[in-house]
Amino acid sequence: MNNSDNALKVDDLVIRFGGLCAIDNVSMHINKGEFVGLIGPNGAGKTTFFNSITGNIIPTEGTITYRGESLIKKSPDKISHMGISRTFQNIRIFPKMTVLENVCLPIHSKPTYNFFSAMLGLPSVKKEDKRIQEKALDYLHRLGIEEYKDHQAGALAYGLQRRLEIARALAADLSLLLLDEPAAGMNNDECNDLVELLKGIHRDFNLSIMLIEHHIDVVLKLCSRIYVLNLGKLLAEGSPQEIQSNPDVIRAYLGERRKRNE
Amino acid sequence: MTIVIQQLITSVSVGGLYAVLAVGYALIYSVFDFTNFAFGGVMMVAAFSGYFVSNAGFGTVPSMIVAIATGIVVSIAVELLAYRPMRKKNAKRLFLMISAMGVNIFLTNLYLSLFGANLRTLPSGFASNTISIMNVQIGTVDIAAFLTSVAALLILSFFLYRTRPGITVRASAIDVSTAGLMGINVNRVSLIVFVISGITAAIAGMFFGMKYTVYPGMGSMSTKAFIASVIGGLGSLQGAVLGGFLLGILETLVAGYISATYRDLFSFGAMIIILMFMPNGLVGKGDQSKL
Amino acid sequence: MYIASVVVTICSNIIAVIGLALLTGYTGMFSLGHAGFMCIGAYGAVLLNRYLMVPYVFALILGGFAAVIVSLIIGYPTLRNKLRGDYFAICMLGFGTVVRLILNNMNNPITNGALGITNIPKLTSLWSALLFMAVLVYFMWNFVNSQYGKNCVAIQQQEVAAEMMGVSIVRTKLLSLAISAFYCGVAGGLLGFWLQYIAPASFSDTRSNDFLATLVTGGTNSITGPLLAAIFLTTMLEYLRFLVNWRLVVYGLLYILIMRFRPEGIMGYKEFSLKKTIQFFKEFPQNKVKIKEKWTRFRAERKKKTNGRRENCE
């Protein structure tokens, strides 16, 4: 494996909370431009895994590097500026800001002018803000929610909020996108729309993407490689076909899924 | 030498009271992740009730009982009227804090306007008595305060670790939503927690009233409870006890040997220093919030 | 002359409240200790002017900077490591008391301890007060509508997501704190050079509560809201003297009720707009009917809910 192909590399990750071992010696990697899936039953540690990548949790042992640079002990905002962005399992859009403002935020999270100029209200400041708004509008357009740009984000329908989350994550200057259950609560049609959308985004924005999802069909359609996590341990890794026919996976996860009557 | 011992005894008794106060505060914080700014107000109202009863001629024990009862009632009233409705609406922390502060300011200034700012002494059958042990004069109030504090803490720890309701409280202190999912009646837990908080506020308030004076502004003593908890480690009950004793002892010693006026400055400074170098307090663990 | 005094007081209050609005309203950090920054700013400005012959405007600004420096020293330990907002609130609570404590006990001829400083030259005029107020409000308006302001709001609404989108939490909070301290400091200096007397007691918890109450009523994410509330409240306090002693009791109730029923305050997330107000009054007759309908519908739904709950219990 050529080092320059590796976007994200996780080695022997261990995360312990007091007596509980949430992640037990997990190693993964994502190559540049890959669309990788991460599945597993509830409580397997998937979101914890994401949180350790984005810097919200400091791992007990192990290494996480992105393009060769270690992510451990870096603050989430610095990690974001390295090109990693994410969506959240519970939607965390900014409810009282407009849709447009939500998407502008990642672009100016590191302000592009100093605060003196901001206070003076210089014309250059206004111009810069306009430029950012145009940029944000592009993302809104791409996600098909441009018409809602002045709506309060918290008042949007659930499906639109999910799309806003994705648009916002895209607006950060990113190369690695972590999606945490973007299809949660969606029916079959909405899932299909999402699959098309994500396919397009993956292609057009040249991203590496890691996807946590419970809707197996979404994962199978989008991902070229899938990791399966169970109880904090890596259960299996392989192509969609390999995973589908893996007996351990079927027992631990897909079997459970049939009982859940998806 | 005797002075040193006297100072130590006073400081330990103050420490005990701070520890009791800190635990009352820390309990609510660990369950609800919320600083009950009204804590001082409750303490003051309870102390005043004790004062009125005492003034009417009843002894120390009845006034203590009335104070505790008042503490419980006011504490629960505040929870039911101000906090719980807001928690139900998932109000932001900032708003809960402002509301709590509102209760505190309301109570403090209501009493100030109604009863005036005079310092009132709480007659306590034994306040003016001192015992002589080995030539050292020890105030009986200090002894009573210390013994009561220790007793209260022991009873509380027995309750929390050996009884079923206590276990539900501890479970909620770890994670309220999980506790709720496990079948624990969170509303009942909240009542228990506020009752305990009211009791601690009343005990501390009464003894501070006996040691010093009762006045509407005495609720500001609760800031010491906050500081003690921060020093010990916010969210940890053991930390609150440790912080309370430590703060009380050090503070009294500083007041005795360095300067009485700078006592509050010392506490504040101690808190800042702990925050600089040990942000999770002496005992506290890191805050791994679930995302 | 008397009206000028009220106006100057209003200007000073507006500046302080707008500063606090950035910290509490926009960034969501609770502080009841900002009178302490006002105190530092006032003492700083007055002393610089008296002993170092610093001219009026610079004295005010440097007084503000003194407040900024103090704010960063105390604020930093509580804001880094992403400690909960409670630490900051407790710290600010203690801070106001400690500032007064220190000044009360510094019995030297320069600061005069609890007696305060007298015979301060009247360097503030009605016009300079209005000018300072207008300029500072303008700056804050721009700031709040700029990228910085949006970052602050993002922190208040979803701190976790804001950080993940690249906002540096510590830096943004420190900046908010510093600016709010500056504004309070300048407000203090302004008032000091008008009243010609400052003492630690003038910067009490009551004053901090004046600011918070104004902010809470005026609105959390608004500049005009607190501004109007400041004007209203100051005038009320001037003309209804009895209110002055009971005002803290009223504030307490105000906090509880507003937080419970309308936490965004009167203005909420909007700004005052002359157009909209005129429109509101024009449409009032039709709106009266609409409001009545809404109320009856609301009552009916409430009845349904309680009946429903009763049925569920049986």
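**Note on the predicted model: sheet, hairpin, helix pair and B–C contact**

1. Starting with chain A: four of its strands make an open, antiparallel sheet in the order E2-E1-E4-E5. Strands here are DSSP runs (E, at least two residues), helices are runs of H or I (at least four), and both are numbered from the N terminus; two strands pair if DSSP finds at least two bridges between them. E2 (20–31) and E5 (69–70) of chain A are the edge strands, each with a single partner, so one side of each has no neighbour in the sheet.

2. Before going further, keep in mind that this is a predicted model: local features need pLDDT of at least 70, side-chain atom pairs count only at pLDDT 80 or more, and totals for chains, interfaces and linings use all residues. Residues are numbered from 1 along each chain as its sequence is written, while chains are lettered from A and ligands numbered from 1 in the order in which they are written.

3. Back in that sheet, E1 (residues 6–17) of chain A runs antiparallel to E2(A), and eight bridges join them. Asn6(A) sits opposite Asn31(A) of E2(A).

4. Asn230(A) has Lys233(A) in E10(A) as its bridge partner. Two residues lie between the strands, and Leu231(A) takes a positive phi near 50 degrees.

5. In chain C, look at H9 (residues 205–218) and H10 (residues 224–239): their axes come within 8 Å and cross at roughly 125 degrees. Axes are lines fitted to C-alpha atoms, for helices over the stretch in contact, with angles from 0 to 180 degrees between N-to-C directions. H9(C) and H10(C) are therefore oblique to each other (under 35 degrees is roughly parallel, over 145 roughly antiparallel, 65 to 115 roughly perpendicular, the rest oblique). By class, their contact has seven nonpolar, four polar and no charged residues.

6. Finally, the contact between chains B and C takes 33 residues from chain B and 36 residues from chain C; residues are in contact if their C-beta atoms, placed from the backbone, lie within 7 Å. H4(B) gives the largest share of the chain B side, 14 residues. That side has 24 nonpolar, seven polar and two charged residues, where Ala, Val, Leu, Ile, Met, Phe, Trp, Tyr, Cys and Pro count as nonpolar, Asp, Glu, Lys and Arg as charged, and the others, Gly among them, as polar.

Conventions:
Contact = placed C-beta atoms within 7 Å.
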